[in-house]
Amino acid sequence: MAIHLEAAGYLILESDDGKDIENILDQNSVDLILLDIVLPNKDGLTILTKLRLQYTAISLPIIMLTSRGENADIVNGLSLGANDYVTKPADLSVLIARIKTHLLLKHSKEALIESEERYSLSIQGANDGIWDWNLRNNNIFFSPRWKALLGYGEHEFNNSTEDWYSNIHTDDLSQVKEAIKFHLESLNDHLEVEYRMLDKSGQFRWMLTRGMAIRDSSRKAYRIAGSQTDITESKLTDTLTGLPNRVLFMDRLFHANNILRRHIEASFAVCVLNIDRFTTVNGSLGQAAGDLLLKEFSRRLQECLRPEDAVARFGGDEFVVLLEGLKSNEDVTHFVERINKKISFPFKLNGEEIFITISVGIVYNNLAYQRAEDLVRDAQIALKRAKERGVSNFQVFDPTMHAQVIKRFQMESDLRKAIEDEELLTYFQPIVSITRENERGYEALVRWNRPNRGILLPDDFISIAEETGLIVPLGEYVLQTACVAMKQLNQKVYGEHFVSVNFSGKQFQQNNIIDTIEKTLKISDLDPKLLKIELTESILMENLNENILKLKHLREMGLQILID
């Protein structure tokens with residue numbers, strides 16, 4: 001038999017009486033044993049019993065060899081742990097088939113065990129929490145790490161979707177359920193959702209859950225598994241400066257405002273800070289230098305704070321400070337003085353030394369504030385007013401500022417609608433030749449026929465148009481109506497009256513300004529030499545080289561350029 005098995009490719013180790021079988025197993029890697037029930041000096045069933053004390057049926061398959069008619073021995077062998085039996089004289093093809101079957105089963109089970117061990121080790125060693133949801137029976141598994149992220153021990157949190165969902169912030173629950181639903185319905189390739197979960201201490205922590213569904217042949221999901229990561233730090237911290245971000249700061253401000261409502265003697269202030277002309281640093285030295293400036297500024301800013309104060313970066317060069325426990329309003333003034341002194345020393349950026357100033361908007365606590373967001377909003381309004389006064393200024397908010405902002409927003413909305421509804425009018429102011437005592441041309445001036453308000457002059461709305469970008473469509477309207485009107489006038493009086501049109505900085509900096517002027521002249525059929533473009537000197541000094549090219553192009557077209 002051994003010769004035939006070796007011919008089939010198996011390496012055979014033999015023991016005549018079974019006495020040295022333990023030595024063979026200690027010194028060799030054996031995959032399977034063929035054990036005769038009847039041995040010269042030892043009972044095969046006794047050897048089987050002893051082997052099963054050391055080896056499982058998976059780790060060491062044992063096939064018993066028995067004579068026909070030894071049914072009792074076969075039953076005993078199987079009950080003692082034999083994997084199978086073959087009767088003697090053995091049919092070689094049957095024996096080899098049985099050996100192959102049990103070796104394949106052994107290797108498959110060992111691979112499964114190894115995979116399960118690897119999975120178990122990965123769960124235990126992973127920094128992320130693991131979850132596994134069987135959708136058919138609604139059983140869900142949370143790894144010990146998943147529970148530990150929330151501060152729970154392995155047996156302190158139930159493995160149920162109800163307990164999972166009940167700990168999710170009420171504002172985020174519908175979003176989580178919707179994300180899972182969309183993925184299970186194949187509307188999303190994978191599951192990825194951020195949300196807040198209540199931990200054991202009663203605090204909400206930000207979690208990122210990722211997952212992937214397993215589907216049957218009909219694409220129906222029957223299982224979904226994934227990971228959960230605690231992203232609280234990254235969610236609440238500004239990645240560039242390491243300062244708290246808007247989310248964490250607003251939570252702190254919310255609590256400060258609530259304390260004020262319970263203890264009226266509590267006092268605090270919110271300060272919003274901007275670095276004056278920060279965009280100039282980015283534009284001239286590059287974004288990397290700008291980032292270095294923000295990091296160094298945040299470090300100096302923190303050095304000016306007391307232990308009870310809080311600071312956050314809201315984005316860009318906007319920083320917000322909460323000054324708590326104020327004894328008087330002078331405490332805020334002293335803070336502004338401290339930070340101004342700190343930043344009076346130069347900042348070294350890539351070998352360059354630069355000096356900066358800041359503008360500050362301040363709002364003091366008030367029982368009228370119901371929401372923390374409104375405090376920050378009003379501090380930002382005060383900051384805007386400070387910047388309007390020039391660099392290195394601070395401004396304290398007063399209620400009239402908010403009323404002015406609302407009024408300004410309403411005017412912006414009305415102006416946008418006015419452009420669409422053609423409420424703008426182009427007036428023409430004559431330009432008279434003193435020597436010839438006659439009209440030679442006109443300057444185009446815009447007016448706004450605002451409903452219920454009458455005719456408004458440019459001083460009432462041009463600044464808003466500049467800030468919002470509405471100056472571009474407004475300017476195009478004036479240019480077009482002026483050219484059309486001048487063409488019609490010249491046809492009636494058979495003259496060559498010119499028209500002068502003012503261009504704003506934003507309008508002239510448009511990349512398509514040359515195309516816009518060419519198109520307008522073509523539509524109006526006005527001779528280019530009768531159109532004068534009026535620009536201020538300050539407009540031309542921005543992007544000087546680019547503007548020179550535009551001016552040359554306009555001169556080549558035949559237009560005249562007026563510099564104010």
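Select L544 first: this residue sits in helix α21 (residues 544–557). Helices here are DSSP runs of H or I with at least four residues, strands are E runs of at least two, and both are numbered from the N terminus. L544 is partly exposed, at 38% relative accessible area. Buried means under 20%, exposed over 50%, and partly exposed in between, with a 1.4 Å probe and protein chains only.

You are looking at a predicted model, where local features need pLDDT of at least 70, side-chain atom pairs count only at pLDDT 80 or more, and totals for chains, interfaces and linings use all residues. Residues are numbered from 1 along each chain as its sequence is written, and side-chain values use heavy atoms, leaving out hydrogens and water.

Together they form a nonpolar surface patch with about 260 Å² of accessible area. A patch takes residues with over 30% relative accessible area and no salt bridge; nonpolar side chains (Val, Leu, Ile, Met, Phe, Trp, Tyr) are joined within 5 Å, like charges within 9 Å.

**Next stop: salt bridges**

Side chains of opposite charge can pair when their charged atoms come close. A salt bridge is a side-chain nitrogen of Lys or Arg within 4 Å of a carboxyl oxygen of Asp or Glu. The whole structure has 32 salt bridges.

Pick R196 and D172. Their side chains meet in a salt bridge, 2.8 Å from N to O. R196 is in strand β6 and D172 in helix α8 (residues 170–184), so the pair ties together parts 24 residues apart in sequence. Is D172 buried or exposed? At 6% relative accessibility, D172 counts as buried.

Now select D374 and R377. Their closest N and O atoms are 3.4 Å apart, in a salt bridge. Both belong to helix α14, three residues apart, about one helical turn. D374 is buried at 14% relative accessible area, while R377 is partly exposed at 31%.

**Last stop: the largest pocket**

Show I12, L13, L32, I33 and L34. Of the 30 residues lining the largest pocket, these are the closest to its centre. A pocket is an open set of points on a 1 Å grid over the protein atoms alone, where a 1.4 Å probe fits, with protein on both sides within 12 Å along at least five of seven lines; lining residues have an atom within 4 Å of a point. This pocket holds about 900 Å³ of space. Which strand gives the most to the lining? β1 does, with four residues.

Technical notes. Points joined across faces, edges and corners; volume = space filled by probe spheres on them. Areas by Shrake-Rupley, 256 points an atom, 1.4 Å probe, with all protein chains shown as cover.
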